[in-house]
Amino acid sequence: MQLTDIKNDWISQFNHPLVIAGPCSAESETQMLETAARMKEAGAAVPVFRAGIWKPRTKPNGFEGVGSMGLGWLRKVKQEFGYKTATEVANMHHVQAALEADVDVLWIGARTTVNPFAVQEIANALQGTDRIVLVKNPVNPDLTLWIGALERLAGADIHNLGAIHRGFSTYRKTNYRNIPNWQIALDFKNQLPNIPLIIDPSHICGNRTGLSSVAQEALNLGYQGVMIEAHCNPDEAWSDARQQITPETLASLLSGLVVRNEECAGFDEELERYRTLISDVDYQVIDLLSQRMKLSEKIGMLKSDNNLTVFQPDRWKAVTEYAKRKAEETGMSQEFIESIFKTIHEQSVVVQNDIMKSK
Ligand code: PEP
Ligand code: MN
């Protein structure tokens, strides 16, 4: 089966947006049942309860999940509260165990999507299933790898497919745990409009602030679902404690989301899409400027240690010449680029002078 031929009407069995919520990891039966019960009591509109049973940890000796024992707790959550259940699978053994435990939604985690051998193994183990299978974006910003994973699943006649946007890792320190890089997700949506796209603000933000604005931004862009981590006692969670929220906070976050009517999309949605892309780029511009200023500080220290002047005309000339050449290559006005670089350079001189003064 070709990925582009898939109809994917599975999503229409859920209210819009589809919400998948629950703890990062299953820790104990009590934690699972309490989280599930409080989500219901708080009135959070959550049809699918998530919990990680096997946890891919970056470093060894961390909490690697409770393993198959937790599948029994997921089953209880389903029986007692009527949720559909969801968990992450990373190899064929996980798949077999999850299918036996009647888990409704299986997802492939970001660290697994990067590995075609693992994805193929999972696809083979799931051959022909009618369970819902969701693929998180790979940790690195590679659209082909993300789509390739879905193609492997479609190739194994798995037709209830979806994608989860959980952000991308960068070496740089940013306000996000994983930067959203909306452009990649929107390219995904353009190429595969038939595959429902779900936002995971928890792993994008890595903390509790910003969850609702990332979720809202995604809904404005026409995403069909949200996956959020919620825990009965977030501060004490065994994994991702900083980003998990209580069931009550989840309920109020969900009720605060503005859900767009897909019918009157069009102009507004397109405008919103461009605005989000512009914020994405602005974010990167500011981040790059801050990196540039940090380098200026380093240069300031070197100059100060070696008794050099801050302003070196030859260097300034080389920088502006280069900027003007790039302006021409990219079709922008030279005056525009020159004036921006003048401002940047002035600030860089200020930064370096401050260093000199402080020495
Ligand atoms: C998770 O959902 O808890 C998880 C491990 O996510 P990711 O694969 O996005 O890191
Ligand atoms: Mn997590």
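User: How do helix H1 (residues 29-41) and helix H10 (residues 247-256) cross, and at what angle?

Analyst: In this predicted model, their axes come within 8 Å and cross at roughly 35 degrees. The crossing is right-handed.

User: What makes the contact between H1 and H10?

Analyst: H1 brings Thr-35, Arg-38 and Met-39. H10 brings Pro-247, Glu-248 and Leu-250. By class, that gives 3 nonpolar, 1 polar and 2 charged residues. Arg and Glu count as charged, so Arg-38 and Glu-248 are the charged pair in this list.

User: Why is H5 (residues 116-126) called roughly parallel to H6?

Analyst: Look at the angle. The axes cross at roughly 25 degrees and come within 9 Å. Angles under 35 degrees count as roughly parallel, so H5 is roughly parallel to H6. H5 passes H6 in a right-handed crossing.

User: Which residues make that contact, and of what class are they?

Analyst: From H5 come Pro-116, Val-119, Gln-120 and Ala-123. From H6 come Ala-149, Arg-152 and Leu-153. The classes are 5 nonpolar, 1 polar and 1 charged.

User: What makes a set of residues the largest nonpolar core here?

Analyst: The members must be buried nonpolar residues, joined through side-chain atoms within 4.5 Å. The largest such set has 75 residues. Leu-3, Trp-146 and Leu-161 are among those with the most contacts inside it. Helix H6 (residues 143-155) gives the most to this core, with 7 residues. Apart from it lies another core of 14 residues, including Trp-107 and Met-227.

User: Which residues does Leu-3 touch?

Analyst: Among them are Ile-147, Leu-150, Ala-154 and Leu-161. Residues up to four places away in sequence are not counted.

User: What makes the phi of Asn-8 and Asp-157 worth a look?

Analyst: Most residues other than glycine have a negative phi. Asn-8 has a positive phi of about 55 degrees, in the segment before S1. Asp-157 has a positive phi of about 60 degrees, in the loop between H6 and strand S6 (161-165). Neither residue is a glycine.

User: Is the peptide bond from His-16 to Pro-17 cis or trans?

Analyst: That bond is cis, with omega near -10 degrees. Most peptide bonds are trans. Pro-17 sits in the segment before strand S1 (18-22).

Key: Residues numbered from 1 in each chain as written. Chains lettered and ligands numbered in written order. Predicted model: local features only at pLDDT ≥ 70, side-chain atom pairs only at ≥ 80, totals over all residues. Heavy atoms only, no water. Buried < 20%, exposed > 50% of the residue type's maximum accessible area, 1.4 Å probe, protein only. Helix = DSSP H or I, 4+ residues; strand = E, 2+ residues; numbered from the N terminus. Contact = heavy atoms within 4.5 Å. Axes fitted to C-alpha atoms, helices over the stretch in contact; angles between N-to-C directions. Parallel < 35°, antiparallel > 145°, perpendicular 65-115°, else oblique. Left-handed = near helix turned anticlockwise from the far one by under 90°.
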